[in-house]
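Hi there,

Here is the structure I promised to pass on to you. Have a look at it first, and then read on for what turned up in it.

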Amino acid sequence: MLQLPADLVPDLLQLLLRAAGIIAGSLAVGWLLKTLMFGLLKRYARRQDTFLAQSVLRHLSTPAAWFLPVLVVSFTLPLTLLDDRPLEVARRLVETALLTTFAWCLVQAVDVVQDLVQRHYQLTDGDNLRVRKLFTQLQFVKKLVVSLIVFVAVALVLMSFATVRKIGTGLLTSAGIASVIVGFAAQRSISNLLAGFQIAFTQPLRLDDVLVVEGEWGRVEEITFTYVVLRIWDERRLVLPLNYFIEKPFQNWTRSTSQLLGTVFLYTDYTIPVEAVRAELKRVVATNPLWDQRVCVLQVTDSKERTLELRCLVSASNSSRAFDLRCEVREQLVRFIQEQHPESLPKSRSLFEPTDRPFTPLPDGME
């Protein structure tokens, strides 16, 4: 066991206490600096009611409480008068903490930018095509920027150690072979990433778009690097890889506009007064707030063996309103036919013609 000279113990203890005091004081100064800055910002936000200040307080308060004390320690660390080896260890620890907390602040700053964009553009507006385009690109760019910040921060932390730098230098010599192996192993992931770039900027689909995929109707809830989450009308979630939307066809009901035509089919007897039903359709939609006053048409689209096929075509501002309008039109027209023209409901006819020949029973034993 290493024995220190008796006269060096007080000096070493004094040095450690001095270093601990400087570090503790630096942390306290950094925390007070954070408290002062965000305290003033909070008072300003209360007085002016600015959304930017509120967003900064919400997202950056916690990471700043770690970053600023570590930043002050990095400036005052040479004042500890530690020996070269302890000082180098302390410096590496402080640098790692500084890089980590700074990356955390940058990630939260991205959230502040997202808040400002979402504040300026409302996705809940009726005509939100331009907003959905912007939000789709914003979501993808945000995830890309956050991933880049984390990657660079981890790389800087690792490269600050000499051992890791030596390993990295050795790996560079085999980078060609490694890239080929990784390319084959991550072929699916890379194709999904490229598909994500294509979807974000060519935008065959966007956030809050109404899609019909795999026979399911729903809205685009989330677009990630690798998959798309579709919120089905009954609150289920359909998760599909990005490649699906590049390689397979799908219906996008809000590609250029949210307006939609809805159809209602009625099957009636040939005796139905078509003009009366057409007039009733116009009366029904005229008083319905779901109708956008663009299209209201009734046509006889087919004549089957026993029924006429009537097609009602009505328009609405979006798919949800179109569905509800179709249901109400169908219900009220069926009621109209039931009450005003019950004889025109679908029926089957049988014609029995009398014969002059008398009925002759079959002989016994014959059937």
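Strand β1 (residues 210-213) and strand β2 (residues 216-223) run antiparallel and are joined by four bridges. Strands here are DSSP runs of E with at least two residues, helices are runs of H or I with at least four, and both are numbered from the N terminus. Two strands pair if DSSP finds at least two bridges between them.

Before going further, please keep in mind that this is a predicted model, in which local features need pLDDT of at least 70 and side-chain atom pairs count only at pLDDT 80 or more, while totals for chains, interfaces and linings use all residues. Residues are numbered from 1 along each chain as its sequence is written, and side-chain values use heavy atoms, with hydrogens and water left out.

Back to the sheet. β1 and β2 belong to an open sheet of five strands, in the order β4-β3-β2-β1-β5, with antiparallel pairing. At its edges stand β4 (237-241) and β5 (251-252), each with a single partner strand, so one side of each has no neighbour in the sheet. As background, strands of a sheet pair through backbone hydrogen bonds, either parallel or antiparallel.

Zooming out, the protein chain has ten helices and eight strands. Of its 367 residues, 32% are buried (under 20% relative accessible area; exposed is over 50%, partly exposed in between, with a 1.4 Å probe and protein chains only).

Next, two helices. The axes of α9 (residues 274-286) and α10 (residues 319-340) come within 10 Å and cross at roughly 140°. Axes are lines fitted to C-alpha atoms, for helices over the stretch in contact, and angles run from 0 to 180 degrees between N-to-C directions. The contact (heavy atoms within 4.5 Å) is made by A276, V277, E280, L281, R283, V284 and V285 of α9 together with V329, Q332, L333 and F336 of α10.

Finally, which strand holds V297? V297 sits in strand β7 (residues 296-303), and V297 is partly exposed, with a relative accessible area of 31%. Leaving aside neighbours within four places in sequence, V297 is in contact with L281, R311, C312 and L313. V297 and T263 are 34 residues apart in sequence, and their C-alpha atoms are 9.6 Å apart in space.

Enjoy exploring!

Best wishes
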